[in-house]
Amino acid sequence: MSTTPSQNQRVVSGMRPTGLLHLGHYHGVLKNWVEMQLNYECFFFVADWHALTTHYETPGSISQHVEDMAIDWLAAGISPSSATIFTQSHVPEHAELHLLLSMITPLGWLERVPTYKDQQEKLKERDLATYGFLGYPLLQSADILIYKADRVPVGEDQVAHIELTREVARRFNHLYGREPDFEQKAEQAANKMGKKQAKMYRDLRRQYQEQGDGEALNVGRALLESQQNLSLGDRERLFGYLEGSGKIILPEPQAALTKASKMPGLDGQKMSKSYNNTIALRESPESVDKKIRTMPTDPARGRRTDPGDPAKCPVWQFHEVYSDDATKQWVQEGCRSAGIGCLECKQPVITAVQTELAPIQRRAAEFEQDRGRVRAILREGAESARQVARETLADVMEALHFTHHL
């Protein structure tokens with residue numbers, strides 16, 4: 001089977017298990033994952049260790065939440081045949097790499113991560129004065145680097161975490177990527193590409209390093225990606241030699257910006273459990289009906305005959321997600337003229353949400369009845385993930401001259 005370049009790229013992402021997922025998670029994250037698993041090599045993990053950073057005093061609920069989250073993922077369309085699905089704590093190499101990276105990461109780098117102070121402000125009721133909370137962005141970096149990820153799907157608020165990951169990888173490579181005979185090994189690796197390709201590689205390297213030609217760097221990287229007969233070690237040497245650094249032991253990942261979820265909460269704010277304004281993926285049709293029927297509307301419509309403004313009504317935000325143009329026009333005209341009542345306006349939204357959730361809930365019910373199957377999927381995913389993670393850790397240990405431990 002032939003593969004496109006994107007299928008050679010690796011994507012890593014995770015979610016903290018904090019309970020049943022809702023429509024905000026589905027529209028903001030899961031739909032994107034479902035699409036990515038068809039085009040990339042994807043690793044999706046339930047971040048149970050990360051849940052301890054803010055809920056260390058109540059760990060009992062985490063294991064239940066892990067399975068519930070996996071069920072929601074599977075029901076939403078994440079497939080174990082298309083992506084590697086696993087639990088973070090089942091791959092201890094995440095923690096090993098986190099420990100090793102903590103030795104070289106300056107404290108200031110962690111303290112300046114924007115979410116560090118932001119979360120301390122927002123979660124004042126929780127004890128966040130712990131090493132684990134300070135170090136959680138570095139554990140995130142380890143989560144990504146242990147798989148040598150190319151892309152990490154994140155929202156705008158997480159870009160700083162990816163930049164930290166890139167800095168940590170760069171520092172590690174700078175400190176430990178210099179083999180005593182690096183240039184000689186790189187030249188030998190170039191010769192393995194064949195005479196014509198080796199000449200092209202050296203020309204591109206010269207253009208980039210002597211003239212700062214960014215396009216030459218991109219072409220050189222693409223040339224290396226296309227080489228089938230190079231070992232992983234030789235390929236990484238040649239990447240480092242091309243860029244003027246040492247061997248690239250931990251490649252720097254790119255942030256793959258995801259569109260912000262347009263799924264509002266029932267009150268018009270962002271959908272969030274902390275606001276108590278969610279519709280869960282496994283919400284019953286009766287509960288969906290009741291929640292949407294009791295949504296607040298434009299305060300100007302105190303009586304059925306009062307005209308309103310859809311822009312001031314949370315229900316309109318749901319129409320923007322779920323309704324076609326004809327329905328939206330019907331809402332705009334009917335609301336402004338008082339031609340339709342608020343309950344009439346809500347009915348197409350109720351139907352659309354119930355229709356979207358029905359197949360997800362059917363699949364979730366099947367997995368609920370067979371939790372052993374869910375556990376097997378997570379177990380098999382962890383075994384696959386560990387194979388990749390062990391290879392990375394072996395490279396890291398070799399760079400640290402800890403090969404006697406392997």
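Strand β3 (residues 83-87) has five of its five residues buried, so the strand is largely enclosed by the rest of the structure. Buried here means under 20% relative accessible area with a 1.4 Å probe, protein chains only; strands are DSSP runs of E of at least two residues and helices runs of H or I of at least four, numbered from the N terminus. The model is predicted: local features need pLDDT of at least 70 and side-chain atom pairs pLDDT 80 or more, while totals for chains, interfaces and linings use all residues. Residues are numbered from 1 along each chain as its sequence is written, and side-chain values use heavy atoms, without hydrogens and water.

In a regular strand the side chains alternate between the two faces of the sheet. On β3, Ala83, Ile85 and Thr87 are buried on one side, and Thr84 and Phe86 on the other. β3 pairs with strand β2 (residues 41-46) in the parallel sense over five bridges, where pairing requires at least two DSSP bridges. Cys42 stands opposite Ala83.

Two nonpolar cores, sets of buried Ala, Val, Leu, Ile, Met, Phe, Trp, Tyr and Cys residues joined through side-chain atoms within 4.5 Å, are listed here.

| Core | Size | Residues, among them |
|---|---|---|
| Largest nonpolar core | 52 residues | Leu23, Leu30, Trp73, Val353 |
| Another core, apart from it | 43 residues | Ile144, Val168, Val388, Leu400 |

Leaving aside neighbours within four places in sequence, Trp73 is in contact with residues including Leu30, Phe44 and Ile85; contact means heavy atoms within 4.5 Å.

How values were computed
Buried < 20%, exposed > 50% of the residue type's maximum accessible area, 1.4 Å probe, protein only.
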